[in-house]
Amino acid sequence: MLTLALDTATETLSLALSASGVILCERHVDAGREHLELLLPNIHVMLREQGAGIADLEALVVGIGPGTFSGLRVGIVTARGLAQALEIPIVGVSTLDALARGLAAGAGPRFILPVVDARRGQVFTRMFESDGHGSLRSLSGIECLDPETLAEFASHHADGPAVAGGNGVQAYYDALTGFNELQLTDDDALNCVSAARLLEQASLHGETKAGVSGSHGGNVFEGGDLAALVPIYVREPDADKTALLRKREPWQT
Amino acid sequence: MILAIETSCDDTCAAVLDGDELLASVVSSQDSFHARYGGVVPEVASRHHLELINPVIGEAVSRSGTRLERMESIAVTTSPGLIGALLVGVATAKSIAAALECMLIPVNHLEGHIAANYLGPEPLEPPFICLIASGGHTSLVHVLSYDEYRVLGSTLDDAAGEALDKGARLLGLGYPGGAELDRLAAEGDRGFTRFPVGLDKPGNLDFSFSGVKTALYYYLRDAGKRNIELHRADIAASYQSAVVDALVSKLMAAAAQSGCGIVCLSGGVSANSELRRRLRSACEERGYRSRVPSPELCTDNAAMIASAARYKTALEFPDYLNLGAVAASGFAA
Ligand SMILES: [Zn+2]
């Protein structure tokens with residue numbers, strides 16, 4: 001089963017391709033805010049390098065965040081369009097799960113804290129516990145926090161130091177330094193979301209469609225279900241409300 | 001066969017056009033979602049587009065009695081509009097086109113409104129003068145041919161529909177209030193009072209609606225509760241008439257200046273009964289021909305995007321894969 005995984009939750013666009021359980025290739029692109037312009041050309045080129053085309057895809061895995069809203073929307077909507085036209089299944093996987101999987105593979109502490117930049121001075125995070133053999137258990141819900149409160153969050157959910165990584169750690173490195181509860185990751189590769197880890201999390205390797213739906217990685221969306229495959233926003237849209245009303249009622253100023 | 005997608009503002013739309021035959025047009029309006037905010041919230045619109053886009057496309061394709069893989073091209077609005085809303089449509093259009101390896105046709109939303117006139121039992125042919133008036137735009141365009149336009153005037157501040165909606169809100173009507181205002185105004189006397197509209201010098205084809213709205217605000221502030229209660233319909237009629245006057249007089253001036261006696265409307269405000277009535281009588285007076293597309297083709301829809309796409313250059317696979325969306329666009333195509 002030729003499966004494409006993609007994640008657009010952060011400024012790094014990550015793509016991976018697998019067939020029969022083997023990762024064929026992975027690709028990282030610094031997309032800035034140009035996910036819409038860069039996603040499909042990179043998918044096209046990556047497939048061509050493998051001698052395949054978009055129409056050959058048989059399944060999709062997409063990172064559903066949390067992360068930047070417009071980045072996530074480009075990734076999810078692109079995956080949904082491909083799934084609708086090709087009539088293939090999609091699995092949605094949390095970007096934090098994929099990030100945690102990479103951090104856990106580096107062994108070391110039991111507690112894993114993936115941190116994604118949420119912009120506006122905040123981060124998205126979730127505490128995980130690793131059994132050291134590739135199995136992860138979440139110890140908290142997904143939270144949107146000020147970086148200054150991350151050490152406190154860690155000590156609240158874990159009874160030992162947590163290895164923290166992700167673009168949120170890179171963005172707030174100084175604010176996060178000097179806490180015993182947090183071991184900051186310096187490895188750039190681990191601070192980036194990896195689409196190969198998404199594939200792992202979705203347990204899609206070489207499995208049948210039935211195998212996919214039985215996995216813990218995420219729900220499988222097909223046909224009419226596509227509308228239910230949405231980003232993990234965490235934040236409510238209300239933040240835009242004041243800006244809107246100000247714009248609409250200039251006579252009150 | 002063209003599948004068209006339109007997500008520039010708050011309606012998620014898809015349509016299927018085969019030659020000049022419209023097979024299906026689906027509009028999933030988000031009005032009820034935005035009503036509680038009193039306007040279109042960009043993030044709310046983007047979230048709803050994301051949820052609705054695939055079901056709306058699925059519905060359009062199934063109503064058309066054909067299949068997605070039979071599409072020869074996918075048309076999509078790439079500008080202007082809310083950037084987060086546009087990118088849902090553009091990303092969807094590109095991925096479906098890429099999966100089918102068919103062509104993709106980027107369409108300007110305003111060209112779409114103009115092309116609404118090419119649909120229906122009696123399609124219009126250029127040249128003509130078109131007033132596009134909605135909650136988002138107010139443009140007076142001389143359509144010289146299917147791909148040649150001259151923008152004669154546009155709004156410097158509020159859009160015409162916005163001015164009507166805001167007036168409705170000041171009068172205590174709901175959102176979007178344009179239709180309510182129209183209903184209330186029908187019972188009133190439009191000569192009751194006069195609200196001045198900006199840029200009313202002859203020869204100026206631009207619009208400004210911020211002054212008329214402010215005039216209504218001060219009027220209501222100073223008129224006294226009893227007076228307002230007694231004359232709510234008269235005030236509504238006078239206010240609506242001021243906005244409609246500006247639209248019709250500039251439309252007539254544009255026709256006279258360019259020597260083109262065929263004038264038409266597009267955009268959501270075209271549904272306004274006062275505008276339709278005044279346009280008809282102004283045209284009769286001058287011997288012009290007027291035309292207004294059916295209401296469902298006037299408000300945002302994807303059928304008009306498909307219609308515009310017929311006269312645009314199609315991009316071949318894979319040339320369109322890096323296509324983006326543009327929030328603002330100089331409409332000078
Ligand atoms: Zn419009």
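Reader: Which side chains meet in a salt bridge, and at what N to O distance?

Author: Happy to start there: the side chains of B:Arg67 and A:Glu87 meet in a salt bridge, at 3.2 Å from N to O. Please keep in mind that this is a predicted model.

Reader: How do I judge that distance, and how many salt bridges are found across the interface of chain B and chain A?

Author: The idea is a cut-off: a side-chain nitrogen of Lys or Arg has to lie within 4 Å of a carboxyl oxygen of Asp or Glu. The B:Arg67 and A:Glu87 pair is at 3.2 Å. Across the interface of the two chains, the rule finds 2 salt bridges.

Reader: Which elements of chain B give two or more residues to the side that touches chain A?

Author: They are α2 (42-63), α3 (83-100), α5 (160-170) and α7 (210-223) of chain B. The largest share comes from α3(B), with 12 residues. By residue class, that side of chain B divides into 24 nonpolar, 11 polar and 10 charged.

Reader: How many residues are in contact, and how much area is buried between the chains?

Author: A contact count tells you who takes part, and here 45 residues of chain B are in contact with 40 residues of chain A. For the area, about 3600 Å² is buried between chain B and chain A, and carbon and sulfur atoms give 65% of that. As for polar contact, the count between the chains is 8 residue pairs, both residues at pLDDT 80 or more.

Reader: Let's turn to one chain. What does chain A contain, and what percentage of its residues is buried?

Author: Chain A has 10 helices and 13 strands. Of its 253 residues, 55% are buried. For the contacts in chain A with a separation of 6 or more, residues 24 or more positions apart account for 63%.

Reader: Could we finish with a single residue? Is B:Ser154 buried, partly exposed or exposed?

Author: Relative accessible area is the guide, and buried means under 20% while exposed means over 50%. B:Ser154 has 27%, so this residue is partly exposed. B:Ser154 lies in strand β8 (residues 148-154) of chain B.

Reader: Which residues does B:Ser154 touch, leaving out those up to four places away in sequence?

Author: B:Ser154 touches B:Thr138, B:Ser139, B:Leu205, B:Asp206 and B:Phe207.

Definitions and conventions. Residues numbered from 1 in each chain as written. Chains lettered and ligands numbered in written order. Predicted model: local features only at pLDDT ≥ 70, side-chain atom pairs only at ≥ 80, totals over all residues. Heavy atoms only, no water. Contact = heavy atoms within 4.5 Å. Buried area = accessible area lost by both parts, 1.4 Å probe. Polar contact = N/O pair within 3.5 Å; in protein donor to acceptor, adjacent residues only side chain to side chain. Helix = DSSP H or I, 4+ residues; strand = E, 2+ residues; numbered from the N terminus. Nonpolar A, V, L, I, M, F, W, Y, C, P; charged D, E, K, R; others polar. Buried < 20%, exposed > 50% of the residue type's maximum accessible area, 1.4 Å probe, protein only.
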